[in-house]
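Welcome to this guided tour. Open your viewer, get your selection tool ready, and follow along stop by stop.

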Amino acid sequence: MAAVSPAHAATPATATPATRSAAAPTNRTAAAPVTRIDVDARAGLATVGDTALGVNHAIWDTTLGTPAVSGLLKDAGVNMVRYPGGSYADIYHWRDHTAPGGYVAPNTDFDTFMAAAERTGAEPMIIANYGTGRAEEAADWVEYANITKGYDATYWTIGNENYGNGHYGSAWEADEHADKSPKEYAKTVIAYAEAMKAVDPSIKVGAVLTMPGNWPDAIVGPGDTGSWNQEVLTRAGHVIDFVDVHWYPGGTTPAEALTKPAHIQDAVHLLNQQIDRYAGRDIAISMTETNVEVGRNTQPGALFLADVYSGLLAQGVFTVHWWNVHNGLGTVSTVAGQTDYGDYGLLSSGTCTADNSVCQPPLNTPFAPYHALDLMGDFARPGDRFVGTGSGDDLVSAHAVRRADGDLAVLLINKDPEAERTVSLNYHGFTPATGTPSVATFTNGADGITAARSGTAASQTLSPYSITLVTLDPARTEGVAPKAPGRPAATVTDRGATISWPASAGGVKYEVYRQNGGVGDLLGETTGTSLRVSNLEPGRRYTVNVLARDGAGRLSPPSPPLTFTTDTPDAASCTVAFRNTNDWGNGYVGSVDVTNSGTSAVSGWTLAFTWPTSWQSVNSGWNATWNQDGRTVRVTSDGSLAPGASTNVGFVGAYSGPNVPPAVFTLNGTVCTSK
């Protein structure tokens, strides 16, 4: 995190703990139409790990090691804490607990941090100093932590936001290396990893990458052969265990900020694609900083936190961290009727403006995002498995997990600041028990979470700007369901796929479902261990699960998800090569080569494609006439293409989220081969 505002001027005060009160403000207005929510327990996503819920600590925070803070974090279910704090990590020297050029608060040394992590019950995520440190210093830290002190600290990241060292123009991150390129960073990561693992081979080492769709993703710097992610993964991918990204998606209004979680699935998909393409192996993903720019410590921040933590964890990110535990007073405003202090912290720093005209609540008073994190601790517990959901309203987000005991927990987020929502809950692959479900809710302006039994399994009413957790028992069934099948694999063509999986038990029938929001599609069933699926669309991404059903009709949990993309035709009468030739972070120059691969001349042609997302567009184009209608782009020309002939057209594109390239192009209605 850049431009940190240290909270070292905080005035000590008594901590105000989070509460689960008996009542909360309703603020209800006229009921809106019923919103349909679908929950598909057959659509298995990622399993929640032991380090899922994280937060950042910083060495300039005077409260870092205090029991009051550790207690609040433990109560919220935090199971990973990061140290020594954002950009400070690249100036911090652990041996003498100094950060030249920055402020270091008393009683924030490494041992104090580790004692606090132990009280919290959380794993540490430690940032080794890349900017002004050396591999030997990092290796000595590992030796002190795990050999001398026996802390068993597993996760170590090499640096923080090191792409912000000036190589791409902006410079906020300390970096004393003469060469500030990603090539040098990758080379140094290898040296760090080798030195650190020589001390303790059991540790996991992470490298800093950029989140797709966020600066400087896709930018190729001077002297580089690829983007930061491409260079680092290609050169150092063989030595790292995870990649570490940050995500501050922005938004000038609360409403805009709350649309950004819709970017998560595509962003994580693109990041996994980069890992596979450039490193050639499975590497885990951590998200160690995220926050909003508006409503940071009021309800927009709370809604954003619940939506983002859920979305990232469902896509397999193994830990998500809020920036920060404490941070300090920023620009004061009113958001949705509540005072917002512009504070990135989960807890109040207890500080005042310079003229004392505005003061924060007492030190450690929880802000709204803390209560959202507290609800996340109740919702996404280690061992729970995310399952598919779908919502019929853009202002209502839904997430769900299936617990090991069979319970289903559904998290509902109403992003409308004015109106409540009545939601109808529809279940697939799950039958709820009769009776009133357990419901926990955090509403706008509340001092804590309200817990009660209310509504039904089929219907809930959501207050404006609220987060609601509904926990449902399953209807009782006799006997034991089959075990989940193992991870499937697929071989694909342009119109089909053969999906195969390990056998899970004898005497069962396997069902293959395509994930489709909250209502999966049954692609087919078989008593064997493979299925040929036809009638798929070329160049389309699919995610499937396999389930086993026994003779009594009992359905197993879903297999791990498999995501694949179908090909385009091998021998079409046209071929298209799409390239991003110059990217600047929110726009780029696109080049499209169109080749007539058929045996007849084409006189006058229309090339068409559809943007994969709603945040991509064409600003201008050349060598043909460019038009965009919705997400569909048409490129028309009066020219002629002889058999074997090619032409090039180009455009300036814009994007405000993950820039997923179009996969399918048609020429006069014919699907082309894409290269």
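A crossing of two helices is called left-handed if the near helix is turned anticlockwise from the far one by less than a right angle, and right-handed if clockwise. Before you select anything, note that this is a predicted model, where local features need pLDDT of at least 70, side-chain atom pairs count only at pLDDT 80 or more, and totals for chains, interfaces and linings use all residues. Residues are numbered from 1 along each chain as its sequence is written, and side-chain values use heavy atoms, with hydrogens and water left out.

**Stop 1: two helices**

Select residues 67-75, which are helix 1, and residues 110-120, which are helix 2. Helices (H or I, at least four residues) and strands (E, at least two) are DSSP runs, numbered from the N terminus. The crossing of helix 1 and helix 2 is right-handed. Their axes come within 8 Å and cross at roughly 40°. Axes are lines fitted to C-alpha atoms, for helices over the stretch in contact, and angles run from 0 to 180 degrees between N-to-C directions. Now show the side chains: P67, S70, L73 and K74 of helix 1 are in contact with A116, R119 and T120 of helix 2 (contact means heavy atoms within 4.5 Å).

**Stop 2**

Next, select E289 and R82, whose side chains meet in a salt bridge at 3.0 Å, N to O. A salt bridge is a side-chain nitrogen of Lys or Arg within 4 Å of a carboxyl oxygen of Asp or Glu. Why is this pair worth a look? E289 lies in strand 8 (residues 284-290) and R82 in strand 3 (residues 80-83), so the pair ties together parts that are 207 residues apart in sequence. Both E289 and R82 are buried (buried means under 20% relative accessible area, exposed over 50%, partly exposed in between, with a 1.4 Å probe and protein chains only).

**Stop 3: a salt-bridge network**

Move on to K509, E511, E525 and R549, which are linked in a network of salt bridges. Within it, the closest N and O atoms of E511 and K509 are 4.0 Å apart. Is E511 buried or exposed? At 3% relative accessibility, E511 counts as buried, while K509 is partly exposed at 29%.

**Stop 4**

Finally, find the open sheet of 3 strands, with order 20-21-24 and antiparallel pairing. Strand 20 (489-492) and strand 24 (530-533) are its edges, each pairing on one side only. Two strands pair if DSSP finds at least two bridges between them. Strand 20 and strand 21 (residues 497-500) pair over 4 bridges, and T491 stands opposite T498 in strand 21.
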